[in-house]
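Work through the exercises below with the sequence and the model open side by side. Try each task before reading its solution.

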Amino acid sequence: MLRFVFRRSRQALPSTLNSSRCSRPFHQSRSLPVARKLSRKEELADSLAVSALNTTRKRSKAGIGKEGSRPECRIELQEETDERTAAGSKSDKLLLGDTKLEDPKGEDSTEKRLYKYRKTGKSPTDLALAEALYKGYGGSARRKAIGDTKRVNIVSSNLCDDVIDRLKPSLIKHIGCDIVDINPGAGLWSSKLHEFLQPRSHILIEPDVKLYEPLLQPLLSAKDSKYTLHPKSGVVWSHLEQVLTEEHLPFQKVLEHDDPRLHQQNNTLLFVANLAYVPKKGYKGFASLALLVLHQLMTAVRAHSLFHKYGLVRMLIWVTDDERRTQLPRHVALRKKAAVEAEISCRKISEIASSTKQGGLWLRNQQIEVDGTTKVIQRMDKNGIKVPDYRKSLMHQELLSNPPLKEHAGGVVNKNRIGQAYLKELEQLENDFATGKLDRYVDNSEKGKRLRQTKVSPEWKRLTHLRGVRSAEGRRIDTLSSITTMQNEMFKLEKELFSSDGGNEELKEKFEQARDTFKSALENITSKITREGVSSAIGNERAMKDELFMYDRRDFEPLRVYEHEFYPEYELALLDFEPRTLWPILQEDYAANYDILEHIIASLMSFPGASLDEGLGRLWPGAKEWLLEDCAILTDPTQGGCLDLSLLPIRNVKMELFKGILESWLRWPWRPSRIDLLAKGHMYEGSELDESGPGSDAQGSSGM
């Protein structure tokens with residue numbers, strides 16, 4: 001069998017091809033005879049060569065490559081043996097490295113080569129699994145994909161072992177349970193979880209059976225196998241409901257509405273899913289299919305639908321690394337409607353594994369991250385939680401490698417942090433200028449001219465620009481520091497005044513003076529970027545002290561994952577959702593009362609950067625006046641309230657305040673009807689778009 005191999009090298013082209021005026025085809029060059037009629041294979045070779053020549057000319061005009069050197073285009077005919085044809089060509093496989101595999105039997109393994117990812121050059125943990133996925137995803141351009149190529153699979157046994165080891169204390173109570181597994185894919189994670197839990201039934205709901213059934217078959221055909229495969233899409237609830245029946249889950253019982261077990265944890269059932277798609281699949285107002293499914297799962301928790309009709313069921317869900325911040329935010333700019341609803345539905349959301357990167361558009365102050373991580377590490381040491389070095393989070397490694405960062409976080413700058421990486425470049429330019437390697441001017445004099453003309457060098461321009469950036473950043477930091485000090489002093493006086501029942505006139509006067517000084521300091525900031533950055537930073541400072549975010553209440557640092565542990569190469573995150581019992585006010589009449597709560601949340605979170613005083617005025621005519629009079633928790637600083645609601649941003653409102661507003665609303669004699677609220681239409685608008693979408697009105701990447 002003959003095949004064409006197209007090669008390029010850095011050798012110079014023949015003079016015939018080097019000439020820009022050469023218009024003869026490649027087969028008519030002086031080095032090749034053309035006295036005979038070309039065959040079909042030679043015509044193909046000719047067209048490939050001419051195409052490569054045109055590409056070479058374009059690259060040459062663009063200045064790509066070394067001067068005076070162009071890639072040579074050669075077409076060779078290569079004969080393939082039957083053995084090679086049966087095994088598949090190189091292009092049909094993953095990128096191959098030259099590293100040999102060690103044979104435990106001591107046999108020669110010269111012909112064996114490690115598969116490597118094209119992006120990182122690293123080998124996946126399971127070579128056979130990665131090869132099967134590569135071929136199933138289409139492999140080369142000549143092979144058609146037999147499955148959804150946007151799905152991301154776990155291909156690292158080591159990662160699965162480390163995750164299960166981390167979850168082991170909380171997974172013990174689920175041993176012998178039933179497992180509902182959506183999108184198991186290659187089945188590596190499912191098999192590892194199955195091996196530890198030894199479930200009495202394990203339902204695999206996999207839509208791409210043509211691709212994944214051969215990989216799942218060893219699990220299905222094992223002796224006394226508890227696996228069952230259902231070729232359906234688990235994210236389509238009508239398909240999932242067909243599985244959630246007595247026939248497939250004989251040990252589970254649907255609970256009645258008034259059964260108290262409906263609001264208790266059901267440890268005999270575990271839900272597992274992989275919702276990672278790259279690129280993301282958007283749907284209407286949702287940035288991805290994963291965010292849509294998570295939104296619906298949170299709704300199912302509150303409504304006791306789907307598998308939550310058996311009680312509150314724990315959920316282990318894989319998502320893409322950036323999607324973890326929607327349900328588990330760590331910056332006030334990301335605390336939107338989806339995050340609030342998730343906190344109402346779950347008592348705990350844990351980030352088990354992720355890239356642990358602080359990347360993205362929204363970054364908190366470095367000192368906040370250091371203080372939070374230090375507390376978590378101390379908590380881990382107290383509980384005896386050990387982490388392998390290669391699984392330690394990036395901030396954990398930073399604290400270990402840079403002890404001064406832990407002791408003097410405010411005075412130490414992390415030059416690897418997004419938004420501050422320019423400091424590395426500035427330091428290098430300053431060193432070059434001090435040692436004389438960087439000249440301020442460039443000599444433009446030409447031969448024969450007496451006058452020497454000079455102009456500023458680009459390196460000097462860059463140095464002066466970065467000096468200006470550092471100076472502006474320093475002013476922002478100074479402004480932030482002074483305003484944060486004012487805020488802390490104001491909150492201290494506020495709590496003292498509240499504890500004295502407002503009877504201390506001297507204390508009241510001090511608080512009002514501190515409040516006015518704080519407000520005027522914010523209003524006097526002329527730069528919009530600085531003003532937004534300071535507002536966001538003091539919001540993060542307040543959220544950290546109030547432990548507003550679930551992430552700041554975490555029991556351990558997430559395990560670090562790597563791109564080569566997934567196929568295709570893309571870092572994923574594992575989130576652990578533990579549902580909670582609904583508030584008593586919601587249990588009384590869930591459908592009607594939650595419609596009211598959803599109206600309140602949607603109305604307030606439409607402008608999360610505004611003050612709560614402004615937000616209450618938008619709820620409904622007359623609602624603000626009633627709530628200020630009836631809802632005492634709004635002005636209770638010990639429970640997250642504030643004596644002056646114009647100082648409390650909506651994105652800093654704690655769950656206790658949302659609950660108090662709902663209870664007070666239901667006591668309002670002139671409250672609007674449920675039909676009126678539904679007609680307003682807030683609750684059926686789209687959810688979060690992305691980190692940089694509408695409602696993200698904070699400081700950007702400055703990290704303030």
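## Exercise 1: a helix and its surroundings

The buried residues of helix α23 pack against α11 (337-345), α19 (584-588), α20 (590-605), α21 (612-617), α22 (623-630) and α24 (674-680). Keep in mind that this is a predicted model.

**Task.** Which residues of α23 are buried, and what span does the helix reach from its first C-alpha to its last?

**Solution.** 
- Step 1. Locate the helix. α23 covers residues 655-666, twelve residues.
- Step 2. Check its span. α23 reaches 17 Å from first to last C-alpha, close to the 16 Å expected at 1.5 Å a residue.
- Step 3. List the buried positions. They are Met655, Leu657, Phe658, Gly660, Ile661, Leu662, Ser664 and Trp665.
- Step 4. Recall the helical repeat. An α-helix has 3.6 residues a turn, so residues three or four places apart point the same way.

## Exercise 2: the largest nonpolar core

**Task.** Which residues have the most contacts inside the largest nonpolar core, and which element gives the largest share of this core?

**Solution.** 
- Step 1. Take the core as a whole. The largest one has 52 residues.
- Step 2. Leu586, Leu612, Leu634 and Phe658 have the most contacts inside the core.
- Step 3. Find the main contributor. Helix α20 supplies seven residues, the largest share.
- Step 4. Look around Leu586. Beyond its neighbours within four places in sequence, Leu586 is in contact with Ile344, Asn593, Tyr594, Leu597 and Leu662.
- Step 5. Tie this to Exercise 1. Phe658 and Leu662 are both among the buried residues of α23.
- Step 6. In soluble globular proteins, nonpolar side chains tend to be buried together.

## Exercise 3: the sheet

**Task.** In what order do the eight strands of the open sheet lie, and which are the edge strands?

**Solution.** 
- Step 1. Trace the order. It is β8-β7-β6-β9-β10-β16-β11-β14, with mixed pairing.
- Step 2. Find the edges. β8 (227-230) and β14 (559-560) each pair on one side only.
- Step 3. β7 (residues 201-205) pairs with β8 in the parallel sense, over four bridges. His202 faces Tyr227 of β8.
- Step 4. α7 (residues 209-220) lies across β7 and β8, at about 165° to β8. α9 (residues 289-303) also packs on the sheet, touching β9 (265-274), β10 (312-320), β11 (346-354) and β16 (572-579). The directions of α9 and β10 make about 170°.
- Step 5. Move to β9 and β10. These strands pair in the parallel sense over six bridges. Phe271 stands opposite Met315 in β10.
- Step 6. Judge the burial of β10. Nine of its nine residues are buried, so β10 is largely enclosed by the rest of the structure.

## Exercise 4: helix α6

**Task.** Why is helix α6 described as largely enclosed by the rest of the structure?

**Solution.** 
- Step 1. Count. Seven of the ten residues of α6 (residues 188-197) are buried, so the helix is largely enclosed.
- Step 2. Name them. They are Leu188, Trp189, Ser190, Lys192, Leu193, His194 and Leu197.
- Step 3. Lys192 has 18% relative accessibility, and buried means under 20%, so Lys192 counts as buried.
- Step 4. Find its partner. Lys192 forms a salt bridge with Asp161, with the closest N and O atoms 3.3 Å apart. The pair joins α6 to helix α5 (residues 157-171), across 31 residues.
- Step 5. Compare the partner. Asp161 is partly exposed, at 37% relative accessible area.
- Step 6. Look past the helix end. Gln198 follows α6 and has a positive phi, near 50°.

## Exercise 5: salt bridges between loops

**Task.** How many salt bridges does the structure hold, and where do Lys280 and Asp322 lie?

**Solution.** 
- Step 1. The structure holds 33 salt bridges.
- Step 2. Take one pair. Lys280 and Asp322 meet at 2.5 Å, N to O.
- Step 3. Lys280 is in the loop between β9 and α9, and Asp322 is in the loop between β10 and α10 (324-327), 42 residues apart.
- Step 4. Lys280 is partly exposed at 35% relative accessibility. Asp322 is partly exposed at 25%.

Note on methods. Residues numbered from 1 in each chain as written. Predicted model: local features only at pLDDT ≥ 70, side-chain atom pairs only at ≥ 80, totals over all residues. Heavy atoms only, no water. Pairing = 2+ DSSP bridges. Helix = DSSP H or I, 4+ residues; strand = E, 2+ residues; numbered from the N terminus. Contact = heavy atoms within 4.5 Å. Axes fitted to C-alpha atoms, helices over the stretch in contact; angles between N-to-C directions. Expected span 1.5 Å × (residues − 1). Buried < 20%, exposed > 50% of the residue type's maximum accessible area, 1.4 Å probe, protein only. Core = buried A, V, L, I, M, F, W, Y, C linked by side-chain atoms within 4.5 Å. Salt bridge = Lys/Arg side-chain N within 4 Å of Asp/Glu carboxyl O.
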